[in-house]
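Visitor: I would like to learn how to read a few local features of a protein model, one at a time. Could you take me through them with the structure in view?

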Amino acid sequence: MVSLKNWDNKTWLSSKDYIKSFSKFLIKNSNLNSKSEILDIGCGRGKISGNLYNELKLISKPTGIDIVDHKDKDKRIIFKKSNGLNFLDKNKKFFDLILIKQTIHLLKIREIKKLIKLCKKYLKPNGVIMVLTLDPYKNEIPTFKLMHNELQNSLNRDKKIITILKKDNKKTKIKKFIYKVEISKKKYLQMIHDRYISTLLDFDLKQIKNGLNEIDNKYNKKLNFKDQLICLIIKNN
């Protein structure tokens, strides 16, 4: 699986306001309470699950798994360095919420099908799997030309993934999470430099440098846009 070290580090994704807003969305669209067991697949630094621990006054710490063991990961989660398939192959615990946020596109289609099947196996009777991905139908992420082309290819694949998941899992609801981003161009340029999104990972230094120049010339000092996610809420059939 592709390694993303900067996706939730010093961006709007790591801001207290974003985390609070996203946690509210999760709670509203699930049956979580203080006794809930949570699994966060591709948790990054675990800030979202850590916030849920506080918001819900959870008895048990959420379990967060990721292939990168960040030094500054949240201490309110139980962290396991692993990927979803390997973890669930050995798992014996059942969960009320299994969260897969903006990581499923990094897997092959057969791996996605296997992962969701395993997730459903370890889902409690009233539990849900919440799969979130960038909205492929309405995207406002600021891009340079090459980035736009690569991102569009990725979003087209996301459409295919969404269709497959809806077809394979009849009890699936669709919700949208929308967050209004206000960020300085200077900070966003640093995010591009740090390759904050998987679309940028395969670009060489020259391509990134050209992209930075294009973004710098294309946008004003302040960027305002909507970070829009599609959320598939999957229950056991």
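Guide: Lysine 57 lies in the loop between helix H2 (47–55) and E2, where helices (H or I, at least four residues) and strands (E, at least two) are DSSP runs numbered from the N terminus. This is a predicted model, in which local features need pLDDT of at least 70 and side-chain atom pairs count only at pLDDT 80 or more, while totals for chains, interfaces and linings use all residues. Residues are numbered from 1 along each chain as its sequence is written, and side-chain values use heavy atoms, with hydrogens and water left out.

Visitor: What is the phi of lysine 57?

Guide: Most residues other than glycine have a negative phi. In lysine 57, phi is near 55 degrees, a positive value in a residue other than glycine. Lysine 57 counts as exposed because its relative accessible area is 65%, the classes being buried under 20%, exposed over 50% and partly exposed in between (1.4 Å probe, protein chains only). Arginine 195, in the loop between helix H6 (185–193) and helix H7 (205–218), also has a phi near 55 degrees, but arginine 195 is buried, with a relative accessible area of 17%.

Visitor: How many salt bridges are there, and which residue pairs with glutamate 37?

Guide: Side chains of opposite charge can pair when their charged atoms come close. A salt bridge here is a side-chain nitrogen of Lys or Arg within 4 Å of a carboxyl oxygen of Asp or Glu, and by this rule the count comes to 8. One of them joins glutamate 37 to lysine 93, with the closest N and O atoms 3.1 Å apart. Glutamate 37 lies in the loop between H1 and E1 and lysine 93 in the loop between helix H3 (84–90) and strand E4 (95–101), so this pair ties together parts that are 56 residues apart in sequence. Glutamate 37 is buried at 14% relative accessibility, whereas lysine 93, at 30%, is partly exposed.

Visitor: Which residue forms a salt bridge with lysine 124?

Guide: The partner of lysine 124 is aspartate 96, the closest N and O atoms being 3.4 Å apart. Since lysine 124 belongs to strand E5 (residues 123–134) and aspartate 96 to strand E4, the pair ties together parts that are 28 residues apart in sequence. Lysine 124 is partly exposed, at 26%, and aspartate 96 is buried, at 18%.

Visitor: What does the side chain of aspartate 40 contact?

Guide: Aspartate 40, in strand E1 (residues 38–41), is buried yet has no salt bridge, and the nearest side chain of opposite charge, lysine 101, is 8.8 Å away. The side chain of aspartate 40 does make a polar contact with the side chain of serine 49, at 2.9 Å; such a contact is a pair of N or O atoms within 3.5 Å, where within protein one must be able to donate a hydrogen and the other to accept it, and residues adjacent in sequence count only if both atoms are side-chain atoms.

Visitor: Where on the surface does positive charge gather, and which lysines take part?

Guide: For charges, a patch is made of residues with over 30% relative accessible area and no salt bridge, like charges being joined within 9 Å. Lys20, Lys24, Lys28, Lys171, Lys173, Lys175 and Lys235 gather in such a positive patch on the surface. Helix H1 (16–28) and strand E6 (172–184) each supply at least two of its residues, and H1 gives the most, with 3. Lysine 235 lies in the segment after strand E7 (222–234) and, at 36% relative accessibility, counts as partly exposed.

Note on methods. Patches are made of residues with over 30% relative accessible area and no salt bridge: like charges are joined within 9 Å, nonpolar side chains (Val, Leu, Ile, Met, Phe, Trp, Tyr) within 5 Å. Accessible areas come from the Shrake-Rupley method with a 1.4 Å probe; for residues, only the protein chains shown count as cover. Lys and Arg count as positive and Asp and Glu as negative; His and the chain ends are not counted. The place of a charge is taken as NZ of Lys, CZ of Arg, CG of Asp or CD of Glu.
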